[in-house]
Amino acid sequence: MKQEKALEILKSGHNILLTGPAGTGKTFVLNKFIEYFRGKGSNIAITASTGIAATHINGRTIHSWAGLGIKQDLTHTDLRKIVSNPNVRSRIKNADVLVIDEISMLHDFQLDMVDLIYRSIRHDDRPLGGVQLILCGDFFQLPPVDKGRSSGDFITKSDVWGRLNLKICYLTKQHRQSDNSLNDLLLSIRLGDITEDHINSLKSRINADLKNSEEVTKLFTHNINVDTINLNKLKSLEEEEHVYMAKGEGKKALVDVLIKNCLAPEELRLKRNAIVMFVKNDFTKGYVNGTIGKIVGFDDDGYPIVRVRNGKRITAKPAAWAVEENNSILATITQVPLRLAWAITVHKSQGMTLDAAEVDLSRAFTFGLGYVALSRVRSLENLTLLGINNLALKVSEEAKQIDEDLRILSKEAEKEDYEEMTFRKNYQEDSTLAERIRAGLDKAFKTSKKKPKPKKK
């Protein structure tokens, strides 16, 4: 499905699953819908399964939004407390649409708990209390994290899933990868159909030389070495250090959440010749989330000047991250939108587009890690493999079956006339309103015509 068609379906008022391979523009379409919906003056709840993903779309985690916190189960006592919380009640009652991004990492039981909370607060037994639900993500990317509960699976196993009557928008056009061989490899990983040619393509990238290799980010599957590598590299530079502190405004608890989950650190230490990564999109200034460069100096105000791979020099001035609710900004932080980028975890790279990367998949430990890492770059020529194990290219069999079903359902959804359906929906709402007004006027008119009862003598 093309992005334009997906946006048309999103505007129709149906519950939607927006999905498709990495690089097809899911977040772009989602942001276009959010912009459209806000333009109507309506309230939209913007959430994601993880804090990092939430900061990308100026939202908060679905766990925070729905009052769940870290709960893995919802008792009657828990539900009563959540329902009686005035802040949770207000935002759930006032929002007309609920967006949940990065749904591959959301457990089935968590979606069911959100559904129960919504139905309880809105006194409406329809799924999610009747609000429009927009789910966004790709089941081939990182799966739900096991946090100690014995059960837990993709949200397709949730009790509410079958009642949502979702329209599926499966995006297919690739906007990140320009390399047909890489596209073919990524598709083969999704289908579980890796051939000898694919293996040979990857072998050719083991320890491959890259242009400007000193400016290439290393992707690791584990946190343990990433911070150490970045700090040691920074210390080795015999240059003056510049320190930038994040500034927050608004509700302290939300400011703390933003600082914790923002990829730009609260305390950012930089030096000339440091390798850095932009962690926010700003197309007008020439960078996106994942753009890599080297600091070549600082301007008169002390802000870093970054030379990116195409040779352009960009002054990295402070940017803002926010938590928005019902068209209002509750909290913001501002910080220079950079982080040290000699190394980064695969998990934190999700959603990024990297100009080039050195990838170590020798310790891949779960499905999706290899797919996420390899899909960050635009071309195999911009990739070097430091290592790879047998699990790195494997994907969940369940994800493969879900994906096959979603592609079929998306083709069915594409055949429907959503412009006509949207018109009818709006017409019915207008007609219902008109009927209520007429009924009210008729009642008032009949009341005024009633003859007064004679007084008793």
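At what angle do the axes of helix α1 and helix α2 cross? The axes of α1 (residues 3-10) and α2 (residues 26-39) cross at roughly 40° and come within 10 Å. This makes α1 oblique to α2; angles under 35 degrees count as roughly parallel, over 145 as roughly antiparallel, 65 to 115 as roughly perpendicular and the rest as oblique. Axes are lines fitted to C-alpha atoms, for helices over the stretch in contact, and angles run from 0 to 180 degrees between N-to-C directions.

The model is predicted: local features need pLDDT of at least 70, side-chain atom pairs count only at pLDDT 80 or more, and totals for chains, interfaces and linings use all residues. Residues are numbered from 1 along each chain as its sequence is written, and side-chain values use heavy atoms, with hydrogens and water left out.

The crossing of α1 past α2 is right-handed, a term used if the near helix is turned clockwise from the far one by less than a right angle. On the α1 side, the contact involves Gln3, Ala6, Leu7 and Leu10. These residues meet Phe28, Val29, Lys32 and Phe33 of α2. Contact means heavy atoms within 4.5 Å. By class, six residues of this contact are nonpolar, one is polar and one is charged.

The protein chain contains 15 helices and 20 strands. Both are DSSP runs, helices (H or I) of at least four residues and strands (E) of at least two, numbered from the N terminus. Of the 457 residues in the chain, 52% are buried. Buried means under 20% relative accessible area, exposed over 50%, and partly exposed in between (1.4 Å probe, protein chains only). The chain exposes about 22,600 Å², and carbon and sulfur atoms supply 49% of that area. Among contacts between residues at least 6 apart in sequence, 76% join residues at least 24 apart.

Gln110 belongs to helix α7 (residues 108-122). Gln110 counts as buried because its relative accessibility is 3%. With residues up to four places away in sequence not counted, Gln110 touches His63, Leu68 and Gln72.

Two loop residues were examined for backbone phi. Glu102 is not a glycine, yet has a positive phi of about 55°. Glu102 sits in the loop between β4 (97-101) and α7. Its relative accessibility is 14%, so Glu102 counts as buried. Asn273, also not a glycine, has a positive phi of about 80°. The loop between β10 (267-270) and β11 (275-278) holds Asn273. Asn273 is partly exposed, at a relative accessible area of 28%.

Conventions: Ala, Val, Leu, Ile, Met, Phe, Trp, Tyr, Cys and Pro count as nonpolar, Asp, Glu, Lys and Arg as charged, and the others, Gly among them, as polar. Accessible areas come from the Shrake-Rupley method with a 1.4 Å probe; for residues, only the protein chains shown count as cover.
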